[in-house]
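Please find below a colleague's note on the model under discussion.

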Amino acid sequence: MIDKYCVIGNPIAHSKSPEIHPVYAAQTGQELVYERCLAPLDGFEATIRRLVAEGYRGANVTLPFKLEAARICTRLEERAQAAGAVNTLVFEGGEIIGDNTDGPGLVADITRNAGVSIKDKRVLLLGAGGAARGALLPFLKEGPREIVIANRTVATAAALARDFGGYGIPVSGIGFSEIAGSFDIVVNATASSLAGDLPPVPASVFRPDTLALDMMYGNQATVFMDFAAGQGASVRDGLGMLVEQAAEAFAIWRGVRPATADLLKTMRP
Ligand code: NDP
């Protein structure tokens, strides 16, 4: 029987994952099926049970189920535990194993595709939601000099800084008005780009050698990207992160990590 996978969310029609995984399968000579799966808002767990019963080998999880997915797993990998959220499930031997490849995908995009090392760098993370939380452990493992988390709700940033303060690297959580100095890497993990807004970040955080990355992707540059580019920074959107998180998930399932550069080029509008 051909191995089956899917991406589960609600809504799900917009998901690009069913365009990505068949390309990886063809490239690596793997035979598999990858589908979209719409789960009812109150029926995520029942949908997972059905997929397991039907012999699916794994699934990706997207909004709004990433937190619930972490709760129903029988085992969580370290990075899913740290993120408190799951975007990749493996169904194996009666177990539901949860992992999170969003953060590793972001790090892979910065280090492999942009060619920027995170080691010894000063990093500013804007936002303290699920995407920011998922990025922190993978970032810390790259050995930055310092991570500053700035968020609209300061208490959330401070809590995140406490949770990730035990890795021997300074991590602080502050409000936007407290941001001081310039940074080597600035990541916009706020949802403000969705509304076409700019998080209130001072222009002085950017230098000509700064990499500014907005986790959002679409047909055009975000206001954050335009603002950072206006200060001379190099800018990236979140498409590379998306393609890389999918490659990480594919590697978990199939034991081989596909190359991403050609796909990234063809997916760029
Ligand atoms: P959450 O809802 O978990 O977190 C939202 C964050 O944005 C919070 O820190 C919130 O602050 C902040 N925020 C919301 N509105 C504003 C605003 N107007 N001004 C300033 N801050 C604001 O979302 P996620 O963490 O899941 O997603 C964040 C972004 O990352 C989205 O754009 C999403 O599309 C993108 N993403 C991209 C991925 C990819 O593969 N490229 C993968 C996952 C996410 P507060 O705490 O004060 O409410």
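The points below take up the basis of the model, its domains, the ligand shell, selected residues and the backbone.

1. Basis of the model. The model is predicted; local features require pLDDT of at least 70 and side-chain atom pairs count only at pLDDT 80 or more, whereas totals for chains, interfaces and linings use all residues. Residues are numbered from 1 along each chain as its sequence is written. Helices (H or I, at least four residues) and strands (E, at least two) are DSSP runs, numbered from the N terminus.

2. Domains. The protein chain is assigned domain 1 (3–100 + 241–267) and domain 2 (103–237), with bounds that come from an automatic or database domain assignment. Their C-alpha centres lie 25 Å apart. Contact between the two involves 13 residues of domain 1 and 14 residues of domain 2, two residues being in contact if their C-beta atoms, placed from the backbone, lie within 7 Å.

3. Helix H4 (78–83) and H9 each contribute at least two residues to the side of domain 1 that touches domain 2. H9 gives the most to this side, with 5 residues. By class, the side of domain 1 that touches domain 2 has 6 nonpolar, 3 polar and 4 charged residues. In this division Ala, Val, Leu, Ile, Met, Phe, Trp, Tyr, Cys and Pro count as nonpolar, Asp, Glu, Lys and Arg as charged, and the others, Gly among them, as polar.

4. Ligand shell. The ligand is surrounded by 27 residues, of which the closest are Gly 129, Ala 131, Arg 152, Thr 153 and Gly 238; a residue is near a molecule if its C-beta atom, placed from the backbone, lies within 6 Å of it. The shell divides into 13 nonpolar, 11 polar and 3 charged residues. Domain 1 and domain 2 each provide at least three residues of the shell. Helix H6 (130–140) and helix H9 (239–254) each supply at least two.

5. Annotated region. An unreviewed UniProt entry places the feature "domain: Shikimate dehydrogenase substrate binding N-terminal" at residues 7–89. UniProt positions are given here in the numbering of this model, feature names are shortened, and annotations may be inferred rather than shown by experiment. Over residues 7–89 the chain is 42% helix and 22% strand, with the end C-alpha atoms 10 Å apart.

6. The UniProt annotation "active site" (unreviewed entry) covers Lys 66, a residue of helix H3. Is Lys 66 buried or exposed? Lys 66 is buried, with 23 other C-beta atoms within 10 Å. A residue counts as buried if 20 or more other C-beta atoms lie within 10 Å of its own, exposed if 12 or fewer, and partly exposed in between, with C-beta atoms placed from the backbone. Beyond neighbours within four places in sequence, Lys 66 is in contact with Val 61, Ala 85, Val 86, Asn 87 and Gly 130.

7. Gly 134. Gly 134 lies in helix H6 and is buried, with 28 other C-beta atoms within 10 Å. Not counting residues up to four places away in sequence, Gly 134 touches Ala 83, Ala 85, Asn 100, Asp 102 and Gly 103. Gly 134 and Thr 101 are 33 residues apart in sequence, yet their C-alpha atoms are 8.4 Å apart in space.

8. Helix H2. The buried residues of helix H2 (residues 44–53) are Phe 44, Ile 48 and Leu 51. They cover an arc of only 60 degrees around the axis, which puts them on the same side of H2; the arc is that of the directions from the helix axis to the C-beta atoms. An α-helix has 3.6 residues a turn, so residues three or four places apart point the same way. Exposed Ala 46 and Ala 53 are on the face turned away from the buried side of H2. The cover over the buried residues of H2 includes strand S1 (3–9), strand S3 (58–61), helix H3 (66–72) and strand S6 (95–99).

9. Backbone exceptions. Most residues other than glycine have a negative phi, and most peptide bonds are trans. The peptide bond from Asn 10 to Pro 11 is cis, with omega near 5 degrees, and Pro 11 sits in the loop between S1 and helix H1 (17–28). The bond from Leu 63 to Pro 64 is likewise cis, with omega near 0 degrees; Pro 64 belongs to the loop between S3 and H3. Asp 120, although not a glycine, has a positive phi of about 65 degrees. Asp 120 lies in the loop between helix H5 (102–113) and strand S7 (122–126) and is exposed, with 11 other C-beta atoms within 10 Å.
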